[in-house]
Amino acid sequence: MKQGSPVPAIAVVRRLCRLGGFLFGYDTGTISGVKVMPVWLRQFGYYDGNTNSYFLPSGLESEVVSILSAGEFIGALIGAFLADALGRRYGLSASSVVFMVGVAMQTAATELILFSIGRFVAGLGVGLISCIVPLYQSECAPKWIRGAVVACYQWTITIGLLVAAIINNATTNRDDSSAYRIPIGIQLAFGAILGLGVLFLPESPRWFVRNGKDEDALKSLAFLNSTDVTDAAVVAEFNNVKTALEEERALGEVGYADCFRSGGTRKMALRTWTGIWLQALQQLTGVNFIFYYGTTFFKRAGFSDPFVITIIVNVVNVVSTVPGMWAIEQFGRRPLLIVGAVGMLVAQFIVAGTAAGIGTDNKAGQDSLIAFVCIYIFFFASTWGPLASYPLEVRAKALSMSTASNWALNFVIGYVTPYMVNEGPGNANMGSNVFFLWGAMCTVCAVFAYFFVYETKGVSLEQVDELYETTTAPKSPEVNKRLREEGAVKDAVDIAAIKAKA
(Lines give C-alpha, C1' and ligand atoms only; values in the text may rest on other atoms or scores of the structure.)
Protein backbone atom coordinates (compact mmCIF):
# COMPACT_ATOMS: atom_id res chain seq x y z
CA MET A 1 0.00 0.00 0.00
CA LYS A 2 1.53 3.29 -1.13
CA GLN A 3 2.17 5.22 2.11
CA GLY A 4 -1.29 4.14 3.17
CA SER A 5 -4.16 4.07 0.74
CA PRO A 6 -4.94 7.53 -0.64
CA VAL A 7 -8.63 6.66 -0.94
CA PRO A 8 -9.67 8.08 2.47
CA ALA A 9 -7.81 11.31 1.76
CA ILE A 10 -9.56 11.57 -1.59
CA ALA A 11 -12.91 10.91 0.10
CA VAL A 12 -12.29 13.66 2.63
CA VAL A 13 -11.27 16.30 0.13
CA ARG A 14 -14.08 15.29 -2.22
CA ARG A 15 -16.60 16.10 0.46
CA LEU A 16 -15.04 19.49 0.88
CA CYS A 17 -14.86 20.00 -2.89
CA ARG A 18 -18.51 19.12 -3.32
CA LEU A 19 -19.54 21.54 -0.60
CA GLY A 20 -17.14 24.48 -0.92
CA GLY A 21 -16.45 24.31 -4.64
CA PHE A 22 -20.05 23.64 -5.64
CA LEU A 23 -21.31 26.53 -3.50
CA PHE A 24 -18.70 28.86 -4.98
CA GLY A 25 -19.59 27.89 -8.56
CA TYR A 26 -23.33 27.99 -8.05
CA ASP A 27 -23.24 31.45 -6.49
CA THR A 28 -21.10 32.73 -9.37
CA GLY A 29 -23.37 31.24 -12.02
CA THR A 30 -26.73 32.34 -10.63
CA ILE A 31 -26.52 36.04 -11.47
CA SER A 32 -25.91 35.43 -15.20
CA GLY A 33 -29.46 34.17 -15.65
CA VAL A 34 -31.23 35.98 -12.83
CA LYS A 35 -30.42 39.48 -14.11
CA VAL A 36 -32.13 38.84 -17.46
CA MET A 37 -35.26 37.17 -16.04
CA PRO A 38 -38.36 39.25 -16.90
CA VAL A 39 -39.71 39.06 -13.34
CA TRP A 40 -36.41 40.18 -11.81
CA LEU A 41 -36.10 43.08 -14.26
CA ARG A 42 -39.69 44.10 -13.53
CA GLN A 43 -38.92 44.13 -9.79
CA PHE A 44 -35.52 45.85 -9.86
CA GLY A 45 -35.16 47.42 -13.31
CA TYR A 46 -36.54 50.42 -15.22
CA TYR A 47 -39.32 50.58 -17.78
CA ASP A 48 -38.47 51.53 -21.38
CA GLY A 49 -41.55 52.85 -23.14
CA ASN A 50 -39.94 52.61 -26.58
CA THR A 51 -39.46 48.85 -26.33
CA ASN A 52 -42.25 48.19 -23.82
CA SER A 53 -39.82 46.23 -21.65
CA TYR A 54 -37.79 46.53 -18.46
CA PHE A 55 -34.02 46.94 -18.45
CA LEU A 56 -31.09 47.59 -16.13
CA PRO A 57 -28.79 50.52 -17.03
CA SER A 58 -25.10 49.69 -17.49
CA GLY A 59 -24.17 51.33 -14.20
CA LEU A 60 -26.61 49.29 -12.15
CA GLU A 61 -25.80 46.10 -14.06
CA SER A 62 -22.13 46.67 -13.23
CA GLU A 63 -22.98 47.22 -9.58
CA VAL A 64 -25.16 44.13 -9.22
CA VAL A 65 -22.64 41.81 -10.90
CA SER A 66 -19.36 43.18 -9.55
CA ILE A 67 -20.31 43.92 -5.94
CA LEU A 68 -20.13 40.19 -5.22
CA SER A 69 -16.45 40.29 -6.19
CA ALA A 70 -15.84 43.30 -3.94
CA GLY A 71 -17.03 41.21 -1.01
CA GLU A 72 -14.99 38.25 -2.24
CA PHE A 73 -11.85 40.40 -2.36
CA ILE A 74 -12.22 41.44 1.27
CA GLY A 75 -13.17 37.92 2.32
CA ALA A 76 -10.09 36.44 0.67
CA LEU A 77 -7.83 38.79 2.64
CA ILE A 78 -9.62 38.11 5.93
CA GLY A 79 -9.52 34.37 5.19
CA ALA A 80 -5.84 34.14 6.15
CA PHE A 81 -6.48 35.47 9.65
CA LEU A 82 -9.56 33.32 10.09
CA ALA A 83 -7.83 30.14 8.89
CA ASP A 84 -4.80 30.72 11.11
CA ALA A 85 -6.79 31.78 14.18
CA LEU A 86 -9.66 29.28 14.15
CA GLY A 87 -8.18 26.50 12.07
CA ARG A 88 -9.19 25.47 8.58
CA ARG A 89 -12.38 23.62 9.61
CA TYR A 90 -13.89 26.17 11.99
CA GLY A 91 -12.88 28.95 9.62
CA LEU A 92 -14.90 27.29 6.85
CA SER A 93 -17.87 26.79 9.14
CA ALA A 94 -17.89 30.47 10.14
CA SER A 95 -17.53 31.48 6.48
CA SER A 96 -20.63 29.51 5.54
CA VAL A 97 -22.67 31.45 8.14
CA VAL A 98 -21.56 34.75 6.59
CA PHE A 99 -22.51 33.43 3.16
CA MET A 100 -26.00 32.36 4.32
CA VAL A 101 -26.70 35.81 5.77
CA GLY A 102 -25.98 37.35 2.37
CA VAL A 103 -28.14 34.82 0.55
CA ALA A 104 -31.05 35.47 2.95
CA MET A 105 -30.81 39.21 2.25
CA GLN A 106 -30.94 38.66 -1.53
CA THR A 107 -33.86 36.27 -1.27
CA ALA A 108 -35.91 38.67 0.85
CA ALA A 109 -35.02 41.83 -1.12
CA THR A 110 -37.67 43.91 -2.85
CA GLU A 111 -35.35 46.87 -3.53
CA LEU A 112 -32.09 46.82 -5.46
CA ILE A 113 -30.10 48.32 -2.59
CA LEU A 114 -30.84 45.38 -0.26
CA PHE A 115 -30.23 42.91 -3.08
CA SER A 116 -26.82 44.48 -3.75
CA ILE A 117 -25.86 44.52 -0.05
CA GLY A 118 -26.85 40.87 0.15
CA ARG A 119 -24.58 40.06 -2.79
CA PHE A 120 -21.72 41.88 -1.07
CA VAL A 121 -22.19 39.91 2.17
CA ALA A 122 -22.54 36.63 0.26
CA GLY A 123 -19.36 37.56 -1.62
CA LEU A 124 -17.61 38.07 1.69
CA GLY A 125 -18.48 34.50 2.62
CA VAL A 126 -17.46 33.13 -0.78
CA GLY A 127 -14.13 34.99 -0.57
CA LEU A 128 -13.42 33.39 2.80
CA ILE A 129 -14.33 29.96 1.46
CA SER A 130 -12.30 30.38 -1.73
CA CYS A 131 -9.22 31.16 0.35
CA ILE A 132 -9.57 28.48 3.01
CA VAL A 133 -10.72 25.50 0.93
CA PRO A 134 -7.66 25.27 -1.40
CA LEU A 135 -5.39 25.89 1.61
CA TYR A 136 -7.04 23.10 3.58
CA GLN A 137 -6.99 20.70 0.65
CA SER A 138 -3.33 21.26 -0.25
CA GLU A 139 -2.30 20.73 3.38
CA CYS A 140 -4.28 17.52 3.81
CA ALA A 141 -3.84 15.71 0.51
CA PRO A 142 -0.91 13.29 -0.02
CA LYS A 143 1.62 14.82 -2.39
CA TRP A 144 1.14 12.24 -5.14
CA ILE A 145 -2.51 13.25 -5.61
CA ARG A 146 -2.43 16.89 -4.49
CA GLY A 147 -2.64 18.31 -8.00
CA ALA A 148 -5.69 16.23 -8.87
CA VAL A 149 -7.31 17.03 -5.53
CA VAL A 150 -6.98 20.77 -6.10
CA ALA A 151 -8.21 20.29 -9.68
CA CYS A 152 -11.20 18.45 -8.19
CA TYR A 153 -12.08 21.68 -6.39
CA GLN A 154 -12.10 23.45 -9.76
CA TRP A 155 -14.29 20.67 -11.15
CA THR A 156 -16.95 21.10 -8.50
CA ILE A 157 -16.97 24.84 -9.21
CA THR A 158 -17.88 24.01 -12.81
CA ILE A 159 -20.64 21.66 -11.60
CA GLY A 160 -22.02 24.50 -9.48
CA LEU A 161 -22.04 26.77 -12.53
CA LEU A 162 -23.87 24.12 -14.55
CA VAL A 163 -26.51 23.48 -11.89
CA ALA A 164 -27.10 27.23 -11.57
CA ALA A 165 -27.66 27.46 -15.34
CA ILE A 166 -30.10 24.53 -15.26
CA ILE A 167 -32.12 25.95 -12.35
CA ASN A 168 -32.17 29.42 -13.93
CA ASN A 169 -33.55 27.87 -17.12
CA ALA A 170 -36.16 25.93 -15.15
CA THR A 171 -37.52 28.96 -13.29
CA THR A 172 -37.07 31.84 -15.74
CA ASN A 173 -40.60 31.60 -17.18
CA ARG A 174 -42.37 31.74 -13.81
CA ASP A 175 -44.51 34.84 -13.53
CA ASP A 176 -43.82 35.68 -9.89
CA SER A 177 -40.79 36.35 -7.67
CA SER A 178 -40.16 32.62 -7.25
CA ALA A 179 -38.49 32.81 -10.68
CA TYR A 180 -35.39 34.33 -9.08
CA ARG A 181 -35.95 33.56 -5.39
CA ILE A 182 -35.77 29.79 -5.93
CA PRO A 183 -32.31 29.77 -7.60
CA ILE A 184 -31.01 32.29 -5.06
CA GLY A 185 -32.63 30.88 -1.92
CA ILE A 186 -31.58 27.29 -2.55
CA GLN A 187 -28.06 28.37 -1.66
CA LEU A 188 -29.11 28.49 2.00
CA ALA A 189 -29.20 24.69 1.97
CA PHE A 190 -25.74 24.50 0.40
CA GLY A 191 -24.31 26.86 3.01
CA ALA A 192 -25.86 24.91 5.88
CA ILE A 193 -24.47 21.61 4.57
CA LEU A 194 -21.00 23.13 4.27
CA GLY A 195 -21.09 24.76 7.69
CA LEU A 196 -22.10 21.56 9.45
CA GLY A 197 -20.44 18.99 7.21
CA VAL A 198 -16.95 20.46 7.49
CA LEU A 199 -17.02 19.91 11.26
CA PHE A 200 -16.91 16.16 10.64
CA LEU A 201 -13.69 16.39 8.62
CA PRO A 202 -10.17 16.23 10.11
CA GLU A 203 -8.21 19.42 10.75
CA SER A 204 -5.11 20.16 8.69
CA PRO A 205 -2.13 18.29 10.20
CA ARG A 206 0.12 21.19 9.23
CA TRP A 207 -2.09 23.62 11.15
CA PHE A 208 -1.86 21.33 14.19
CA VAL A 209 1.95 21.28 13.95
CA ARG A 210 2.05 25.06 13.55
CA ASN A 211 0.05 25.41 16.77
CA GLY A 212 2.09 22.90 18.80
CA LYS A 213 -0.51 20.11 18.73
CA ASP A 214 1.78 17.30 17.61
CA GLU A 215 -0.41 14.46 18.86
CA ASP A 216 -3.42 15.81 16.98
CA ALA A 217 -1.28 16.25 13.87
CA LEU A 218 -0.24 12.59 14.00
CA LYS A 219 -3.86 11.50 14.36
CA SER A 220 -4.90 13.66 11.43
CA LEU A 221 -2.10 12.31 9.23
CA ALA A 222 -2.99 8.75 10.22
CA PHE A 223 -6.63 9.31 9.29
CA LEU A 224 -5.74 10.87 5.96
CA ASN A 225 -3.40 7.97 5.14
CA SER A 226 -5.84 5.27 6.32
CA THR A 227 -3.52 3.93 8.97
CA ASP A 228 -2.54 4.57 12.61
CA VAL A 229 -0.15 6.97 14.35
CA THR A 230 2.60 4.35 14.61
CA ASP A 231 2.78 3.81 10.84
CA ALA A 232 6.26 4.59 9.55
CA ALA A 233 4.98 6.65 6.63
CA VAL A 234 2.89 8.82 8.96
CA VAL A 235 5.80 9.38 11.34
CA ALA A 236 8.13 10.23 8.45
CA GLU A 237 5.70 12.77 7.00
CA PHE A 238 5.12 14.27 10.44
CA ASN A 239 8.88 14.63 10.98
CA ASN A 240 9.24 16.35 7.59
CA VAL A 241 6.50 18.86 8.41
CA LYS A 242 7.88 19.43 11.90
CA THR A 243 11.43 19.99 10.64
CA ALA A 244 10.26 22.40 7.93
CA LEU A 245 8.28 24.45 10.45
CA GLU A 246 11.18 24.62 12.91
CA GLU A 247 13.48 25.87 10.16
CA GLU A 248 10.95 28.48 9.13
CA ARG A 249 10.31 29.64 12.70
CA ALA A 250 14.02 30.18 13.14
CA LEU A 251 13.58 33.04 10.70
CA GLY A 252 11.24 34.81 13.15
CA GLU A 253 7.61 35.96 13.11
CA VAL A 254 6.13 36.78 9.72
CA GLY A 255 3.56 39.23 8.42
CA TYR A 256 2.21 40.24 5.05
CA ALA A 257 5.36 42.20 4.32
CA ASP A 258 7.41 39.01 4.65
CA CYS A 259 5.54 37.54 1.70
CA PHE A 260 7.38 40.08 -0.45
CA ARG A 261 10.91 39.57 0.90
CA SER A 262 13.28 39.84 -2.01
CA GLY A 263 16.37 38.53 -0.19
CA GLY A 264 17.24 34.93 0.57
CA THR A 265 17.18 31.83 -1.59
CA ARG A 266 13.52 30.88 -1.32
CA LYS A 267 12.43 33.76 -3.57
CA MET A 268 9.47 34.68 -1.40
CA ALA A 269 8.58 37.80 -3.37
CA LEU A 270 8.71 35.89 -6.67
CA ARG A 271 6.46 33.16 -5.31
CA THR A 272 3.94 35.62 -3.92
CA TRP A 273 3.82 37.71 -7.08
CA THR A 274 3.58 34.58 -9.24
CA GLY A 275 0.53 33.44 -7.30
CA ILE A 276 -1.02 36.89 -7.45
CA TRP A 277 -0.51 37.27 -11.18
CA LEU A 278 -1.63 33.73 -11.98
CA GLN A 279 -4.92 34.39 -10.26
CA ALA A 280 -5.23 37.82 -11.89
CA LEU A 281 -4.41 36.49 -15.35
CA GLN A 282 -6.98 33.75 -14.89
CA GLN A 283 -9.61 36.48 -14.79
CA LEU A 284 -8.05 38.37 -17.70
CA THR A 285 -8.62 35.35 -19.97
CA GLY A 286 -12.20 36.63 -20.05
CA VAL A 287 -13.77 33.44 -18.72
CA ASN A 288 -16.11 35.28 -16.37
CA PHE A 289 -17.46 37.28 -19.28
CA ILE A 290 -19.06 33.99 -20.29
CA PHE A 291 -20.19 33.03 -16.80
CA TYR A 292 -21.44 36.49 -15.73
CA TYR A 293 -22.66 37.92 -19.03
CA GLY A 294 -22.92 34.84 -21.26
CA THR A 295 -26.71 34.67 -21.21
CA THR A 296 -26.92 38.38 -22.10
CA PHE A 297 -24.28 37.99 -24.85
CA PHE A 298 -26.04 35.01 -26.45
CA LYS A 299 -29.38 36.85 -26.30
CA ARG A 300 -27.96 39.87 -28.11
CA ALA A 301 -26.25 37.59 -30.64
CA GLY A 302 -29.69 36.50 -31.76
CA PHE A 303 -30.03 33.08 -30.12
CA SER A 304 -33.69 32.26 -29.47
CA ASP A 305 -32.99 30.47 -26.17
CA PRO A 306 -29.83 31.92 -24.55
CA PHE A 307 -30.47 29.97 -21.33
CA VAL A 308 -30.07 26.67 -23.18
CA ILE A 309 -26.85 27.88 -24.83
CA THR A 310 -25.53 28.81 -21.38
CA ILE A 311 -26.30 25.27 -20.19
CA ILE A 312 -24.40 23.81 -23.17
CA VAL A 313 -21.35 25.97 -22.43
CA ASN A 314 -21.44 24.91 -18.78
CA VAL A 315 -21.69 21.22 -19.74
CA VAL A 316 -18.51 21.67 -21.78
CA ASN A 317 -16.94 23.39 -18.79
CA VAL A 318 -17.74 20.45 -16.49
CA VAL A 319 -16.65 17.72 -18.91
CA SER A 320 -13.44 19.51 -19.91
CA THR A 321 -12.20 19.75 -16.33
CA VAL A 322 -11.96 15.95 -16.07
CA PRO A 323 -9.08 15.46 -18.56
CA GLY A 324 -7.35 18.38 -16.85
CA MET A 325 -7.44 16.49 -13.54
CA TRP A 326 -5.69 13.58 -15.24
CA ALA A 327 -3.27 15.69 -17.25
CA ILE A 328 -2.00 17.72 -14.30
CA GLU A 329 -0.61 14.56 -12.69
CA GLN A 330 0.76 13.24 -15.99
CA PHE A 331 2.35 16.39 -17.39
CA GLY A 332 2.38 18.91 -14.53
CA ARG A 333 0.85 22.38 -14.17
CA ARG A 334 3.41 24.37 -16.17
CA PRO A 335 2.93 22.84 -19.67
CA LEU A 336 -0.85 22.85 -19.19
CA LEU A 337 -0.87 26.57 -18.50
CA ILE A 338 1.20 27.33 -21.59
CA VAL A 339 -0.77 25.09 -23.97
CA GLY A 340 -4.08 26.25 -22.49
CA ALA A 341 -3.25 29.92 -22.98
CA VAL A 342 -2.32 29.36 -26.63
CA GLY A 343 -5.49 27.37 -27.25
CA MET A 344 -7.65 30.05 -25.67
CA LEU A 345 -6.14 32.92 -27.63
CA VAL A 346 -6.70 31.12 -30.97
CA ALA A 347 -10.31 30.25 -30.11
CA GLN A 348 -11.12 33.76 -28.88
CA PHE A 349 -9.75 35.46 -31.98
CA ILE A 350 -11.95 33.14 -34.08
CA VAL A 351 -15.00 33.90 -31.90
CA ALA A 352 -14.42 37.64 -32.28
CA GLY A 353 -13.98 37.39 -36.05
CA THR A 354 -16.99 35.10 -36.49
CA ALA A 355 -19.32 37.23 -34.34
CA ALA A 356 -18.30 40.38 -36.20
CA GLY A 357 -19.02 38.85 -39.60
CA ILE A 358 -22.44 37.27 -39.07
CA GLY A 359 -25.94 38.59 -38.55
CA THR A 360 -28.45 37.54 -35.96
CA ASP A 361 -30.25 35.40 -38.59
CA ASN A 362 -27.16 33.49 -39.76
CA LYS A 363 -27.69 30.00 -38.33
CA ALA A 364 -24.42 28.53 -39.62
CA GLY A 365 -22.46 31.47 -38.24
CA GLN A 366 -24.15 31.18 -34.86
CA ASP A 367 -23.34 27.46 -34.70
CA SER A 368 -19.72 28.26 -35.50
CA LEU A 369 -19.63 30.93 -32.79
CA ILE A 370 -20.95 28.51 -30.17
CA ALA A 371 -18.48 25.83 -31.26
CA PHE A 372 -15.47 28.08 -30.74
CA VAL A 373 -16.81 29.45 -27.47
CA CYS A 374 -16.98 25.82 -26.32
CA ILE A 375 -13.42 25.18 -27.57
CA TYR A 376 -12.27 28.23 -25.63
CA ILE A 377 -14.01 26.96 -22.50
CA PHE A 378 -12.43 23.53 -23.03
CA PHE A 379 -8.93 24.97 -22.98
CA PHE A 380 -9.68 27.08 -19.92
CA ALA A 381 -11.36 24.36 -17.88
CA SER A 382 -8.71 21.73 -18.62
CA THR A 383 -5.68 23.91 -17.93
CA TRP A 384 -6.20 27.13 -15.96
CA GLY A 385 -7.06 26.54 -12.31
CA PRO A 386 -3.84 27.82 -10.74
CA LEU A 387 -2.71 27.36 -7.16
CA ALA A 388 0.74 28.47 -6.10
CA SER A 389 2.77 26.80 -3.33
CA TYR A 390 4.22 28.76 -0.43
CA PRO A 391 6.33 28.07 2.67
CA LEU A 392 4.30 27.02 5.70
CA GLU A 393 4.90 30.14 7.80
CA VAL A 394 3.42 32.46 5.13
CA ARG A 395 1.17 30.02 3.29
CA ALA A 396 -2.16 31.33 4.54
CA LYS A 397 -1.22 34.99 4.03
CA ALA A 398 0.33 34.50 0.58
CA LEU A 399 -2.56 32.36 -0.59
CA SER A 400 -5.07 34.92 0.68
CA MET A 401 -3.36 37.65 -1.36
CA SER A 402 -3.27 35.58 -4.54
CA THR A 403 -6.95 34.70 -4.08
CA ALA A 404 -7.74 38.35 -3.35
CA SER A 405 -6.07 39.35 -6.62
CA ASN A 406 -8.42 36.96 -8.40
CA TRP A 407 -11.43 38.69 -6.88
CA ALA A 408 -9.98 42.17 -7.44
CA LEU A 409 -9.70 41.53 -11.18
CA ASN A 410 -13.04 39.75 -11.08
CA PHE A 411 -14.55 42.93 -9.66
CA VAL A 412 -12.89 45.17 -12.24
CA ILE A 413 -13.96 42.96 -15.16
CA GLY A 414 -17.47 42.51 -13.78
CA TYR A 415 -17.82 46.27 -13.36
CA VAL A 416 -16.39 47.49 -16.67
CA THR A 417 -17.80 44.80 -18.97
CA PRO A 418 -21.27 46.37 -19.42
CA TYR A 419 -19.62 49.67 -20.29
CA MET A 420 -17.31 47.88 -22.73
CA VAL A 421 -19.89 45.81 -24.62
CA ASN A 422 -23.24 47.61 -24.26
CA GLU A 423 -24.64 50.09 -26.76
CA GLY A 424 -25.72 53.64 -25.97
CA PRO A 425 -24.19 56.85 -24.62
CA GLY A 426 -21.27 56.34 -22.25
CA ASN A 427 -20.60 52.80 -23.49
CA ALA A 428 -17.80 51.59 -25.76
CA ASN A 429 -20.13 49.35 -27.80
CA MET A 430 -17.37 46.76 -28.34
CA GLY A 431 -19.85 43.90 -28.47
CA SER A 432 -18.18 40.70 -29.61
CA ASN A 433 -14.93 42.58 -30.32
CA VAL A 434 -14.18 42.23 -26.62
CA PHE A 435 -12.95 38.72 -27.46
CA PHE A 436 -9.99 40.30 -29.27
CA LEU A 437 -9.03 41.85 -25.92
CA TRP A 438 -9.38 38.56 -24.05
CA GLY A 439 -7.33 36.80 -26.72
CA ALA A 440 -4.53 39.35 -26.41
CA MET A 441 -4.46 38.78 -22.64
CA CYS A 442 -4.13 35.02 -23.23
CA THR A 443 -0.90 35.79 -25.10
CA VAL A 444 0.37 37.46 -21.92
CA CYS A 445 -0.73 34.38 -19.97
CA ALA A 446 1.38 32.05 -22.12
CA VAL A 447 4.50 34.21 -21.82
CA PHE A 448 4.05 34.60 -18.07
CA ALA A 449 3.61 30.87 -17.53
CA TYR A 450 6.81 30.10 -19.44
CA PHE A 451 9.05 32.53 -17.58
CA PHE A 452 7.59 32.51 -14.05
CA VAL A 453 5.66 29.31 -13.29
CA TYR A 454 7.68 26.55 -11.61
CA GLU A 455 6.79 22.90 -12.11
CA THR A 456 5.68 21.49 -8.71
CA LYS A 457 4.28 18.16 -9.88
CA GLY A 458 4.69 15.30 -7.40
CA VAL A 459 6.80 17.10 -4.78
CA SER A 460 5.85 17.89 -1.20
CA LEU A 461 5.06 21.42 -0.12
CA GLU A 462 8.35 21.39 1.75
CA GLN A 463 10.26 20.27 -1.38
CA VAL A 464 8.77 23.20 -3.28
CA ASP A 465 10.98 25.43 -1.10
CA GLU A 466 14.05 23.61 -2.37
CA LEU A 467 12.80 23.85 -5.94
CA TYR A 468 12.68 27.64 -5.72
CA GLU A 469 16.06 27.75 -4.00
CA THR A 470 17.92 25.88 -6.73
CA THR A 471 16.60 26.82 -10.16
CA THR A 472 14.57 29.08 -12.43
CA ALA A 473 11.09 28.49 -13.88
CA PRO A 474 12.18 27.38 -17.39
CA LYS A 475 14.61 24.84 -15.85
CA SER A 476 12.28 23.73 -13.05
CA PRO A 477 10.98 20.54 -14.79
CA GLU A 478 14.48 19.03 -14.72
CA VAL A 479 15.04 19.90 -11.06
CA ASN A 480 11.55 18.72 -10.21
CA LYS A 481 12.37 15.29 -11.62
CA ARG A 482 15.55 15.09 -9.54
CA LEU A 483 13.73 16.14 -6.36
CA ARG A 484 11.05 13.52 -6.88
CA GLU A 485 13.69 10.82 -7.30
CA GLU A 486 15.61 12.01 -4.25
CA GLY A 487 12.40 12.31 -2.26
CA ALA A 488 11.41 8.74 -3.04
CA VAL A 489 14.80 7.48 -1.83
CA LYS A 490 14.65 9.63 1.33
CA ASP A 491 11.13 8.45 2.14
CA ALA A 492 12.20 4.84 1.78
CA VAL A 493 15.23 5.38 4.04
CA ASP A 494 13.23 7.26 6.67
CA ILE A 495 10.51 4.63 6.73
CA ALA A 496 13.09 1.82 7.01
CA ALA A 497 14.81 3.65 9.88
CA ILE A 498 11.53 4.17 11.74
CA LYS A 499 10.59 0.52 11.27
CA ALA A 500 13.99 -0.55 12.55
CA LYS A 501 13.44 1.46 15.76
CA ALA A 502 9.95 0.04 16.27
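Predicted model: local features only at pLDDT ≥ 70, side-chain atom pairs only at ≥ 80, totals over all residues.
Select methionine 268 to begin: this residue is buried, with a relative accessible area of 2% (buried means under 20% relative accessible area, exposed over 50%, and partly exposed in between, with a 1.4 Å probe and protein chains only). Methionine 268 lies in helix α12 (residues 268-284); helices (H or I, at least four residues) and strands (E, at least two) are DSSP runs numbered from the N terminus.

Residues are numbered from 1 along each chain as its sequence is written, and side-chain values use heavy atoms, with hydrogens and water left out.

**The whole chain**

The protein chain comes to 20 helices and two strands. Of its 502 residues, 58% are buried. Contact here means heavy atoms within 4.5 Å; among contacts between residues at least 6 apart in sequence, 77% join residues at least 24 apart.

**The nonpolar cores**

Next, select Trp40, Phe289, Ile290, Ile377, Trp384 and Phe435. In the largest nonpolar core, which has 96 residues, these touch the most other members. A nonpolar core is a set of buried Ala, Val, Leu, Ile, Met, Phe, Trp, Tyr and Cys residues joined through side-chain atoms within 4.5 Å. Helix α5 (residues 112-140) gives the most to this core, contributing eleven residues. In soluble globular proteins, nonpolar side chains tend to be buried together.

Centre on tryptophan 40. Which residues is it in contact with, leaving aside its neighbours within four places in sequence? They are Val34, Lys35, Gly45, Leu56, Val64, Leu112, Phe115 and Tyr180. A second, separate core has eleven residues, including Phe208, Leu221, Ala222 and Phe238.

**Salt bridges**

Show the charged side chains. A salt bridge is a side-chain nitrogen of Lys or Arg within 4 Å of a carboxyl oxygen of Asp or Glu, and by this rule the count comes to five. Side chains of opposite charge can pair when their charged atoms come close.

Select lysine 35, one of the contacts of tryptophan 40. Lysine 35 forms a salt bridge with glutamate 61, with the closest N and O atoms 2.9 Å apart. This pair links distant parts of the chain: lysine 35 is in the loop between α1 (7-34) and α2 (38-44), and glutamate 61 is in helix α3 (residues 58-86), 26 residues apart. Both lysine 35 and glutamate 61 are buried.

Move to arginine 88 and aspartate 84, whose side chains meet in a salt bridge (3.1 Å, N to O). Are these two partners buried or exposed? Arginine 88 counts as buried because its relative accessibility is 2%, and aspartate 84 is buried too, with a relative accessible area of 14%.

Now select lysine 242 and aspartate 214, where a salt bridge joins the side chains (2.6 Å, N to O). This pair also links distant parts of the chain, with lysine 242 in helix α11 (residues 232-249) and aspartate 214 in helix α10 (residues 214-224), 28 residues apart. Lysine 242 is partly exposed at a relative accessible area of 23%, and aspartate 214 is partly exposed at 24%. Elsewhere, salt bridges that share partners join Asp84, Arg88 and Arg210 into one network.

**A helix pair**

Display helix α4 (residues 88-108) together with helix α7 (residues 178-185). Their axes come within 9 Å and cross at roughly 175°; axes are lines fitted to C-alpha atoms, for helices over the stretch in contact, and angles run from 0 to 180 degrees between N-to-C directions. The helices α4 and α7 are therefore roughly antiparallel (angles under 35 degrees count as roughly parallel, over 145 as roughly antiparallel, 65 to 115 as roughly perpendicular and the rest as oblique). Val103, Gln106, Thr107 and Ala108 of α4 make the contact with Arg181, Ile184 and Gly185 of α7.

**Two asparagines**

Finish in the loops. Asparagine 52 lies between β1 (46-48) and β2 (53-55); its phi is near 55°, a positive value in a residue other than glycine. At 57% relative accessibility, asparagine 52 counts as exposed. Asparagine 429, in the loop between α17 (395-421) and α18 (434-452), has a positive phi of about 55° although it is not a glycine. Asparagine 429 counts as partly exposed, at 45% relative accessibility.
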